[in-house]
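Please look over the sequence and structure before reading on.

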Amino acid sequence: AVKLAQHTAPVPPGDLLAHAFGVAFLAKIHEDSGERDELGTVGEITRLEDLLPVEESCGAHKARLDAVFNRQAVDRPPALGGWIADPEKIMALTETTEDDYWKDPIEVSVRAYKMFDLLDGLIDIFVPLERGGYRNITKNQFDERAQKYTSPEDVVAEIERLPSPEQVKAEFDYQAFYDEAVAKMRTMQGLCGEYLYWCPTRWEVVPRWEWYQDFGYDNYFMAIRLYPDKVGRLLEYAAALAECKGQVIIRMIKEGIQPRCFLCGKDICGQRGPMVDPGFLRERWFPLVRKAFTPLREAGAHIVWHCDGYVMPVLEDILGLGVAGLQGFQTETGFRLEDIVERRALDGQKLLLFGPVSVTTTLVKETPAGVKKAVREAVNICRDKVHLVLMTANVIGPDIPLENVFAMYEALKEE
């Protein structure tokens, strides 16, 4: 079986078939000040409060985020983090050596985020692939994977070796995936402690689209053009996986383990718009996403869609999936915040908006004073029109001064 990347950035790739059939999570035992925090038996955990207890550990942060997740008014916009992709910043915040960082990058990163006193929660922890890097997938990896496939016909041959959607659903290990997810929730909230609320992304509930990471751009997009029915089968396979994982997330929401609001999505657009004909997406992919989202929405999930590139040509399609909100936005593509805040979700509610601080313009080019001004302007544009959660549009790289990251959060003091 071919190894296929499982997630889009900023989530690291993995083994698709291993994920599909439920490889058990290797629970981390975290050591802090000489004391070991054992995870215990995952099967005995029923609610997030039993894991943490979250109300005692991060009550104010959780309350603020949960209020916005439920589309209610709050004292100030809450703030989410987790996308610092530059270990140098993490090491500077924690006064940690490079060797110590790489011994436990997750623990060191969580400590770093606790330095931002207005930060309420984390959606992820970004760990680069290698020392000296700041990416979780490289051009060399793309090239190495693409070398396995020399033509769109090779892509079709690989698709034909995949199990059917029915087989995927019959063989998916729901309990193993549940145990993995719950164990990670406990580990991460344990690290976050009283300071931060762990609100993980759920990229896995979206049928995978970015197969160019495995087959190469040319092969994948040529296969879409030449063999749309075959690629449609690939997307149906991905949808079966997403639906299985979505059922587990529904269980976790009902049990109070998973926050009902989460970020997900796929990179379907480049700087000039959709990567492929929107007609193909509307015929072959969007219906699968809508089907995967329907039971989640019925279970009370509020789904926030990650928007990379110029999404305006398919914005109505994305809203039509039933998402409760949007995240990201690249102003350099021509996107304007004003074009979003008046929109409504399918249920008529104001949108949730995670963002909209640019990592390619605002945080790179502005002074700390300029960053604060930009954040205040964004808050004013959003006021009474959307439910805002402050965060960056994408990951924070080496080109962004650390003082600008502090300034982004400090701007909330005036709200």
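A salt bridge here is a side-chain nitrogen of Lys or Arg within 4 Å of a carboxyl oxygen of Asp or Glu. By this rule the count comes to 28 salt bridges. The model is predicted, so local features need pLDDT of at least 70 and side-chain atom pairs count only at pLDDT 80 or more, while totals for chains, interfaces and linings use all residues. Residues are numbered from 1 along each chain as its sequence is written, and side-chain values use heavy atoms, with hydrogens and water left out.

**Overall make-up**

- The protein chain holds 18 helices and 12 strands, taken as DSSP runs numbered from the N terminus (helices: H or I, at least four residues; strands: E, at least two).
- Of its 415 residues, 57% count as buried; buried means under 20% relative accessible area, exposed over 50%, and partly exposed in between (1.4 Å probe, protein chains only).
- The accessible surface of the protein chain is about 17300 Å², computed by the Shrake-Rupley method with a 1.4 Å probe. Carbon and sulfur atoms make up 48% of that surface.
- Among contacts in the protein chain with a separation of 6 or more, 78% are between residues 24 or more positions apart; a contact means heavy atoms within 4.5 Å.

**Strand 6**

- In a regular strand the side chains alternate between the two faces of the sheet.
- In strand 6 (residues 261–264), Cys261 and Leu263 point one way and Phe262 and Cys264 the other way. All of these residues are buried.
- Strand 6 pairs with strand 9 (residues 302–307) in the parallel sense over 4 bridges; pairing requires that DSSP finds at least two bridges between two strands.
- Within strand 9, Trp305 is the residue opposite Cys264.

**Salt bridges**

- Lys62 and Asp66 are joined by a salt bridge of 2.6 Å, N to O. Both lie in helix 3 (residues 54–69), 4 residues apart, about one turn of the helix, and both are buried.
- Arg111 and Glu107 form a salt bridge of 2.8 Å, N to O, and both lie in helix 6 (residues 105–113), 4 residues apart, about one turn of the helix. Arg111 is partly exposed because its relative accessible area is 35%, whereas Glu107, at 14%, is buried.
- Arg161 and Glu158 meet in a salt bridge of 2.9 Å, N to O. Arg161 has 58% relative accessibility and therefore counts as exposed; Glu158 has 9% and so counts as buried.
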